[in-house]
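Reader: Hi! I'm new to reading protein structures. Could you walk me through this one?
Author: Happy to, let's open it up.

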Amino acid sequence: MMAPTTDNAGPTGDPGSARASLEALRAEIAKAVVGQDPAVTGLVVALLCRGHVLLEGVPGVAKTLLVRALASALELDTKRVQFTPDLMPSDVTGSLVYDTRVAEFSFQPGPVFTNLLLADEINRTPPKTQSSLLEAMEERQVTVDGTPRPLPDPFLVVATQNPVEYEGTYPLPEAQLDRFLLKLTIPLPSRRDEIDVLTRHAEGFNPRDLHAAGVRPVAGPAHLEAARAAVAKTTVSPEITAYVVDICRATRESPSLTLGVSPRGATALLAASRAWAWLTGRDYVIPDDVKALALPTLRHRVQLRAEAEMEGVTPDSVINAVLAHVPVPR
């Protein structure tokens, strides 16, 4: 992998330079994707936390383009897998292939051996194939024929799903949903943004040619590693830790939920809050950092009661109610 070509001042290992490089991602990705700053920030937070992201949005809101633009701006390798009902686990992880030239089996790596794996429409494939990603997401390795094979670093799974189509889909089980650090919703663009999108296309924008669109690398793996080291040093006070725990415990007591946030979810919220604090220029976490990341970190880790769902209650509304009632540390 080539070294990143960036104009940011300072050495690559300097936290200030790393922050400036990651902040430049928004402007770079905006050359290809219009009006998705929150999603870009969420993907950067996931990279800093070594987490994975579930993107939910209707077709045609640039979910795939967003991931490709992020990979180009970070100079990372990316691969895309279209999940279908007939996709096999080996189509994702790779398999042993007999080589007649040497009369032995050799391992042919699958698309999971990349930095950014786009798992497109993950809920369209059966649970057996969905589960092929579990080891990769949790252990960052793939075991084939008893041999563990490490995945590249950084490694991020960005899975997409369509919230409005249910025919022929296999909803992700709670155990797999819990493996995603964040669930980001990609909304339809505003009228102004949609006009901007159409204007770009009328002027010749080609979403398959990001180089022609002007997307250039502004950061690389070394910047990301320096940023991760700085995030690990971000201070978390005992009061903030207790605040995160109280939020998660309150979801378990909500009458609208059959399943609240697990301790893994609490750990994820704390990690995401630290990354967000560092990105905003602080070396300590405040309650507003926790509030800012609560929805994307927790919305996919709770399960609504059927009667609450029929009344129009949503995971976001439950979490917002919890945030409004849990005392904020001062």
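Author: Let's begin with a term: rings of Phe, Tyr and Trp (its six-membered ring) pair if their centres lie within 6.5 Å, and planes over 60 degrees apart count as edge-to-face. Keep in mind that this is a predicted model.
Reader: Thanks! How many aromatic pairs does the structure hold?
Author: There are two aromatic pairs. Y98 and F105 form an edge-to-face pair, 5.2 Å centre to centre with 65° between the planes.
Reader: And how far apart are the ring centres of F107 and F113?
Author: Their centres are 5.7 Å apart, and because their planes stand at 70°, the F107 and F113 pair is edge-to-face.
Reader: Is F107 buried or exposed?
Author: F107 counts as buried, at 17% relative accessibility. F113 counts as buried too, at 18%. In the other pair, F105 counts as exposed at 55%, while Y98 is partly exposed at 44%.
Reader: What sits over the ring of F107?
Author: The charged end of R149 does, 4.1 Å from the ring's centre. Likewise, the charged end of R282 sits over the ring of Y284, 5.7 Å from its centre.
Reader: Switching topic: in what order do the strands of the open sheet come?
Author: The order of the five strands is β2-β5-β8-β1-β9, with parallel pairing.
Reader: Why is one side of β2 and of β9 left without a neighbour in the sheet?
Author: β2 (78–82) and β9 (182–185) are at the edges and have a single partner strand each, so one side of each has no neighbour there.
Reader: Which residue stands opposite V81?
Author: That's A119 in β5. β2 and β5 pair over five bridges.
Reader: Which strands does helix α3 lie across?
Author: Helix α3 (residues 63–74) lies across β1, β2, β5 and β8, running at about 175° to β5.

Technical notes. Residues numbered from 1 in each chain as written. Predicted model: local features only at pLDDT ≥ 70, side-chain atom pairs only at ≥ 80, totals over all residues. Heavy atoms only, no water. Pairing = 2+ DSSP bridges. Helix = DSSP H or I, 4+ residues; strand = E, 2+ residues; numbered from the N terminus. Contact = heavy atoms within 4.5 Å. Axes fitted to C-alpha atoms, helices over the stretch in contact; angles between N-to-C directions. Phe/Tyr/Trp six-rings, centres within 6.5 Å; stacked < 30°, edge-to-face > 60°. Buried < 20%, exposed > 50% of the residue type's maximum accessible area, 1.4 Å probe, protein only. Lys NZ or Arg CZ within 6 Å of the ring centre and 35° of its normal.
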